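Please look through these notes with the model open beside you.

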Amino acid sequence: MTVTQIPEYTTDAFFGLEDKWLETAEGEITHYHELGQGTPILFLHGSGTGVTAAANWWLNLPELAESGRCIAIDSVGYGQTVVPEGIEYGIKEWVRHSVRVLDALGIEKTWIIGNSIGGWVAMQFAIDFPERLLGIVSMGTGGAKKTAALSGHAKPELSEAGIRRTLEQFVVDKSLVTDELVSLRYASALNDTASDRLVDVVTARDRDRDALPLDFEVLGKLQIPVLLVHGMQDVVIPVTRTHELQAVIPTADSHIFSQCGHWSQVERANEFNQVIKAYLALHMAK
């Protein structure tokens, strides 16, 4: 068996999160953050340049840890998660990686909170492994047809200017995209153990958008609780994506934030946290 080394990496203090590492397969070490106790809640991030679990969820994990055992992972191909050679990225592999994390942690069933591509992974997870899910919260669910913003993400620019342009597409309030946040995302991208695979990851994402669209027939049979969250001004994935999914999934509720873009967990963090906590409390009590 190959011995895989844990990277010498510490998440920046700005995010206030402790690093954890978990061997999830031979040659694969998953980087993650964990807070809270009780019912498992797996957090799946989006797919922007320099994205990590920390950079997606730092404003949410401390608050939502009051609701359960929050586990936020760097998906394979992103962040500091170490992947074996020859891995083939794609929606199915991101689902399988999530399952490997659960298996390694001894978790049989979990909630998933997913942002953008993370929401897409959550929905595909529900199709492939429905018996492992307690419920889903999905924001700006990925897998939709390409918008102009998504087309721009197909050729990510690894620079502070490029990252700033991407992040500014995520929000209505551009003041949230601070110099410090841009710098941290850029540093993360440069230090990313998967930085040389960025194009491969983006290519796989865009390939599967057409090759493996969500099976609406299967989603139409879901019986787990599903909350769809969206920003009304989301230009990356329009709010029509949530309307489309809610029309299909019989158990789906939705929450639409006004004056909010693709980054609802950041742009409306306090309200977002309260909405999610209330939803989880309601359905965990059943």
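Is Ser 116 buried or exposed? Ser 116 counts as buried, because its relative accessibility is 10%; buried means under 20% relative accessible area, exposed over 50%, and partly exposed in between, with a 1.4 Å probe and protein chains only.

This is a predicted model, in which local features need pLDDT of at least 70 and side-chain atom pairs count only at pLDDT 80 or more, while totals for chains, interfaces and linings use all residues. Residues are numbered from 1 along each chain as its sequence is written, and side-chain values use heavy atoms, with hydrogens and water left out.

1. Ser 116 has a further feature to check. Its phi is near 60°, a positive value in a residue other than glycine. Ser 116 is found in the loop between strand E5 (110–115) and helix H4 (117–128). Helices (H or I, at least four residues) and strands (E, at least two) are DSSP runs, numbered from the N terminus.

2. Gln 259 also has a positive phi, near 50°, and is not glycine. Gln 259 lies in the loop between strand E8 (252–257) and helix H11 (264–267). Gln 259 is exposed, with a relative accessible area of 52%.

3. Helix H3 (residues 91–105) packs with H4 at an angle of about 75°, and their axes are 9 Å apart. Axes are lines fitted to C-alpha atoms, for helices over the stretch in contact, and angles run from 0 to 180 degrees between N-to-C directions. H3 and H4 are therefore roughly perpendicular to each other (65 to 115 degrees). By class, their contact has 9 nonpolar, 2 polar and 2 charged residues. Ala, Val, Leu, Ile, Met, Phe, Trp, Tyr, Cys and Pro count as nonpolar, Asp, Glu, Lys and Arg as charged, and the others, Gly among them, as polar.

4. Gln 124 lies in helix H4. At 5% relative accessibility, Gln 124 counts as buried. Leaving aside neighbours within four places in sequence, Gln 124 is in contact (heavy atoms within 4.5 Å) with Ile 91, Lys 92, Val 95 and Leu 214.

5. In helix H6 (residues 160–170), the residues Gly 162, Ile 163, Thr 166, Leu 167 and Phe 170 are buried. They lie on the same side of H6, because they cover an arc of only 130° around the axis. The arc is that of the directions from the helix axis to the C-beta atoms.

6. In H12, the buried residues include Ala 269, Phe 272, Ile 276 and Leu 280.

Notes:
Angles under 35 degrees count as roughly parallel, over 145 as roughly antiparallel, 65 to 115 as roughly perpendicular and the rest as oblique.
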